[in-house]
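User: Please take a close look at a single part of this model and describe how it packs against its surroundings.

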Amino acid sequence: MVELTGVNKHFGSLHVLRDINLTVSTGEVVVVIGPSGSGKSTLCRTINRLETIDSGTIHLDGNPLPAEGKALAGLRSEVGMVFQSFNLFAHKTVLENVTLGPVKVRKSKRADAEKEALALLERVGVASQKDKYPAQLSGGQQQRVAIARALAMKPKVMLFDEPTSALDPEMINEVLDVMTSLAREGMTMVVVTHEMGFARRAADRVVFMADGQVVEQAAPNDFFTNPSSERARDFLSKIL
Ligand code: ADP
Ligand code: MG
């Protein structure tokens, strides 16, 4: 579903992605972990073309990422993204946040978009909040709306960049639970997180990044019990 081959990215003289090769199969859940500054967010942002790359190729569902124009907008709707900060439209209600993309980008009929949005809000457990504005919701509720909004575009893959890092501790699990059920339902997912419990529970594969490189990747159980690189052992000793 997602294939990066020899991807390099610089910010000025900083080489932030170094020869990244990464394949994510349909229905696979890949959790990306690694120290701050290792390039995890940049990796996510290249997959939905929020960042350009200097060399290499990225394919989505067999097609190279389009550079611009209509095709790029189409791609954006195929790649759902949930960020650390909730990024909801502040002056739109919860329901409007979820229907906006389908109506504007996918040209869905409003009635159909609303019906689907309600079903999605139900699924993430915030349907009763549909007429509120984001500021009236808790962080955990806002993040679940953000997930519903991304799902409303019927993405082929969902990217999550530290979706629980800005949440109060008691709200983390309500978001991770939604992500876990998405994973169980077969969504293709790339998840950057420090939640190792989630990685153990939901990941098919853990990818460990450091200094812009994929240092190792393995099934979660193998990675957590027997990491093969010194960098990963050192990282795990600091967070576990
Ligand atoms: P991570 O998500 O793993 O913490 P990032 O992908 O955010 O890492 O950042 C990787 C490196 O690239 C860091 O050194 C960061 O400071 C740098 N960086 C990220 N975005 C930009 C940008 N827009 N301009 C310049 N440097 C950036
Ligand atoms: Mg980051």
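Analyst: Leaving aside neighbours within four places in sequence, Met158 is in contact (heavy atoms within 4.5 Å) with Gly80, Val82, Ile147, Ala150, Leu151, Leu182, Met187, Thr188, Met189 and Val190. This is a predicted model, in which local features need pLDDT of at least 70, side-chain atom pairs count only at pLDDT 80 or more, and totals for chains, interfaces and linings use all residues. Residues are numbered from 1 along each chain as its sequence is written, chains are lettered from A and ligands numbered from 1 in the order in which they are written, and side-chain values use heavy atoms, with hydrogens and water left out.

Met158 lies in strand E7; helices (H or I, at least four residues) and strands (E, at least two) are DSSP runs, numbered from the N terminus. Met158 counts as buried because its relative accessibility is 0%; buried means under 20% relative accessible area, exposed over 50% and partly exposed in between, with a 1.4 Å probe and protein chains only.

Leu182, one of the contacts of Met158, is among the buried residues of helix H6, as are Met171, Ile172, Val175, Leu176, Val178, Met179, Thr180 and Ala183. The buried residues of H6 pack against strand E7 (157–161), and also against strand E3 (29–33), H4, helix H5 (139–151), strand E8 (188–192) and helix H7 (196–202). Helix H6 (residues 169–184) has 16 residues and reaches 23 Å from its first C-alpha to its last, close to the 22 Å expected at 1.5 Å a residue; the expected span is 1.5 Å times one less than the number of residues. Just after H6, Gly186 takes a positive phi of about 100 degrees.

Helix H5 also has a contact with H3. The axes of H3 and H5 come within 8 Å and cross at roughly 25 degrees. Axes are lines fitted to C-alpha atoms, for helices over the stretch in contact, and angles run from 0 to 180 degrees between N-to-C directions. The crossing angle therefore makes H3 roughly parallel to H5, a term for angles under 35 degrees. Val94, Asn97 and Val98 of H3 meet Val145, Ala148 and Arg149 of H5.

Val94, Leu95, Val98, Thr99, Pro102 and Val103 in H3 meet Arg110, Ala113, Glu114, Ala117, Leu118 and Leu121 in H4.

How values were computed. Angles under 35 degrees count as roughly parallel, over 145 as roughly antiparallel, 65 to 115 as roughly perpendicular and the rest as oblique.
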